[in-house]
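Please look at the sequence and the structure shown here before reading on.

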Amino acid sequence: MRKYSLIIQGPIISNGITGASYLEYDLNKKKIPKTVEYNCIPNINRILSEFSYLFEHVILSTWESESIEINQIQTSNNFQILKSKDTTQSYINQAHPNGQIGLLKQFLSIQKGAEFLNGLADDSYIIKIRTDQFVNLKLLIEEHQNQGEFDRENKISISYFAKNSLADFYFVATPSKMLDFCSSILQIPQYKEINLAYTSVHLAIPCAYYFYHEKIDEKVVYKYIFLKRLMPTFQKYNLTFANCKSAYELVEFIDQHFISFSKNIIFDTEWRGEKIIENSVFDDQLVKFNEIEPVTFTPSNLFLFLSSKLYFKQNRSKLFSKFLSLLQLLLIDRFSFYRKLFIQPIQSK
């Protein structure tokens, strides 16, 4: 059986919500949850102290700008610090005033760590965790070993599913699969329909991986709606669209490439010093569409293709609103200047 190598990825000072405060956020009421400025060094040392013996190699993958020295870490013979330069694209808008897009930074950091291990630990599974989270790695490895050999070798193990999207707290995969995964996410800036400044990473990750592997051409990709700009219309009229074939295909694709650990691990995880509160959002099973029942398009699945024929089959009392939304989609598809206006409502540095 393969051995394991660990990438501890992220900043040394982590600013944001905690495991006990993440549920406080309310987009509609503009409620801001409690945030902290969390020093990750004690957490990294705790991880090394309790779990470093499980790994062939341990890499702390962080940034050149981070203040961290080897003498601050409880090192062992299998531990190294890797500092990389952040070369990811930056964005500026009201949601990200400092231009930081954490998803791209995260996967660049994972990629650097996986590349460092490439050739050094080809026979290891790579586990990726965050610098600001304490995960029971012994339990995680036990669950991973209990997966079937096909799943271990061919799928990416994730922390949890959120209905038909997935989370990014911790991953386990073969080195080649992990590098492939990183490449797919780092190509997101090429997909203009994925507005990273406004889009949940839970939706962006599977969509980008799908685009990357299916090699969808640009014209078809633009019809995969990924526009938060249209969400208020869908929410206002509670619109659903039946028989969305692309929704079914995407979920089937996710099922082929991803598998979740149990909720026992996520609810035993500490995030910026506080244990994660149990919540129904976390699930260890992918919500799959029934092949017999109609597949439903909802505001949470804006990346899905919507045909005009099905669009106009909905409640006719809402026809005018639907017509305006459809007109926007057609303009986005046909005219590059209009597409840029709606799909990239942010300034690129």
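In this predicted model, seven strands make up an open sheet with mixed pairing. Their order across the sheet is S5-S4-S1-S7-S12-S9-S13.

**The seven-stranded sheet**
- Strand S5 (79–84) and strand S13 (258–260) are the edge strands, and each of them pairs on one side only.
- On average, neighbouring strands of this sheet are turned by 20° against each other, direction ignored.
- Six bridges link strand S4 (residues 58–63) with S5, and the two strands pair in the parallel sense.
- Within this pair, Thr 62 has Lys 83 in S5 as its bridge partner.

**Helices packed on that sheet**
- Helix H1 (residues 41–51) packs on the sheet and touches strand S1 (3–9), S4, S5 and strand S7 (124–130).
- The direction of H1 makes about 170° with that of S1.
- Helix H3 (residues 137–146) also packs on the sheet, where it touches S1, S7, strand S9 (156–158) and strand S12 (171–173).
- The direction of H3 makes about 140° with that of S7.

- Strand S14 (residues 270–271) and S15 run antiparallel and are joined by two bridges.
- Glu 270 has Lys 275 as its bridge partner in S15.

How values were computed:
Residues numbered from 1 in each chain as written. Predicted model: local features only at pLDDT ≥ 70, side-chain atom pairs only at ≥ 80, totals over all residues. Heavy atoms only, no water. Pairing = 2+ DSSP bridges. Helix = DSSP H or I, 4+ residues; strand = E, 2+ residues; numbered from the N terminus. Axes fitted to C-alpha atoms, helices over the stretch in contact; angles between N-to-C directions. Contact = heavy atoms within 4.5 Å.
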